[in-house]
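Please look over the model below with its ligand and pockets in mind. The points that follow are meant for someone who has not seen it before.

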Amino acid sequence: MLRWKRILLGVTGGIAAYKAADLSSKMMKLGAEVRVALTRHATEFVAPLTFQALTGNPVITDMFDPRTEQTMSHIDLARRVDIMVLAPCTANMIGKLAAGIADDWLSTAVLATRAPVLICPAMNTRMFENQVVQGNLTRLAARGFHLAPTGVGDLACGEKGQGRLIEVEQILEMIQLILAEKDLPGRKVLVTAGPTREYLDPVRFISNPSSGKMGYACARAAARRGAEVVLVSGPSRLAPPVGVNLIRVSSGREMLEACLAHFDDADVVIKAAAVVDYGSSQTRPHKIKKHEGVTTLELVKTPDILETMGQRKKQQILVGFAAETQKLVEHAQVKMDKKNLDLIVANDVAQEGAGFESDTNIVKILQRHGPIQELPLLTKDEVAGIILDRVLDLLQHREASKA
Ligand code: PMT
């Protein structure tokens, strides 16, 4: 969410300038107050009127334009914004900022601000790889500018390679990461997400419909709040959240190994993954043929990852999920005790808008010796935020009782 955040979006002259229109519109939808400044070259690619219509605010295009509300608008706006975002940012603007040149409204405003500045480069691959440009980016990073990565793909010049403007959703994610209150700095949070797969043969497996959305939301929220995040994910189509260390796994055993490798120094573990409980007693090396007439499968239990971590738990706050279709609270309570958890998030996956695949969830959060927190239908991002608030309470309570 960007509610009430004041954003200055600076657009410079590159073919990706058209994407800035979508960016400004999405910023507005997330509740931000957006002002847009176009460099003279940017106006060759996109019309100021587009941004004026999308943001409802006059667009700044010229340092000495008598129509902009004040003569010192670059200083005034630079003082009032919460963040400046330059997207797309050309090699020319990167060079000017690295050298401290202020020869137009946007470069002057960047020099005058104390707000964080996010630079989203976009240019031809050869230009991007040029040592001068790379040197300028390094100088800007050393001075505290936030640098977005570039994407790889087809470029407007017909070449393929590094240098594309990253996706609008990634830019929005970076803005939220920069602006979020950092109340989990120095904490290591291990999150699991998605399904696991237990293969019967090379082309068939046992799994479930978990999309990874709930776990990715937890990882994203923890990263925004300043934690070091390791996300162990089963197969998922979701884009990796910005700022997390993503480890992809497939089977329950692989998930167990990845989790244990990061468990000892973790402060918090959030286990949102839907781990398959049973796999085949033997995975066939070749596709099972129909004529073999295999009609029964012998199944064996997969390792219970959370229970294993519950047995080894020292300083870690352990948060489990319970996916149930009946007796939600009773079953969740049993899992919390058996797996030695601090919190368990119970979701009735048969309920509309809850559980697998949806963008929303309806959960009850159970705590040892505490009341049950019943939450209404919320987005998975909102649920993740509330889980982390509860985790932070537990961490602070534990530290206060040690002091
Ligand atoms: O990914 P989404 O599409 O967003 O869906 C979200 C979700 C429904 C998967 C998520 O909200 C959820 O409920 N995750 C837990 C699903 C599950 O496996 O529940 P369970 O009741 O079977 O397991 C209880 C807990 O033990 C879970 O934290 C699970 O990760 C863990 N477990 C289970 C079995 C096992 N072998 N190892 C485990 O660690």
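The notes below cover the ligand site and then the pockets of this predicted model.

1. Surroundings of the ligand. The ligand is surrounded by 28 residues, and the closest of them are Ser-210, Ser-211, Lys-335, Asn-347 and Glu-357. By class, this shell has 12 nonpolar, 8 polar and 8 charged residues.

2. The side chain of Lys-335 has an N or O atom 2.4 Å from an oxygen atom of the ligand. For the side chain of Ser-211, the corresponding distance to a ligand oxygen atom is 2.6 Å. Phe-321 takes part through its backbone, with an N or O atom 3.0 Å from an oxygen atom of the ligand. On its own the ligand has 770 Å² of accessible area, and the protein covers 96% of this.

3. Elements around the ligand. Helix 10 (213-224), helix 12 (305-312) and strand 16 (317-324) each give at least two residues to the shell. Strand 16 gives the most, with 4 residues.

4. The ligand's pocket. The ligand takes up the space of the second largest pocket, whose volume is about 880 Å³. Its lining has 38 residues, with Ala-273, Ala-274, Val-275, Phe-321 and Ala-323 nearest the centre. Helix 13 provides the largest share of this lining, 4 residues.

5. The largest pocket. The largest pocket has a volume of about 1,300 Å³. Among the 34 residues lining the largest pocket, Glu-173, Gln-176, Arg-220, Arg-224 and Asp-381 are closest to its centre. Helix 1 (17-29), helix 9 (168-179), helix 10 and helix 14 (380-402) each give two or more residues to this lining. By class, the lining of the largest pocket has 15 nonpolar, 4 polar and 15 charged residues.

Methods:
Residues numbered from 1 in each chain as written. Predicted model: local features only at pLDDT ≥ 70, side-chain atom pairs only at ≥ 80, totals over all residues. Heavy atoms only, no water. Near = heavy atom within 4 Å. Polar contact = N/O pair within 3.5 Å; in protein donor to acceptor, adjacent residues only side chain to side chain. Areas by Shrake-Rupley, 256 points an atom, 1.4 Å probe, with all protein chains shown as cover. 1 Å grid on protein atoms, 1.4 Å probe; cavity = no way out; pocket = protein on both sides within 12 Å on 5 of 7 lines; lining within 4 Å. Sits in = over half its atoms within 2 Å of the grid points. Nonpolar A, V, L, I, M, F, W, Y, C, P; charged D, E, K, R; others polar. Points joined across faces, edges and corners; volume = space filled by probe spheres on them.
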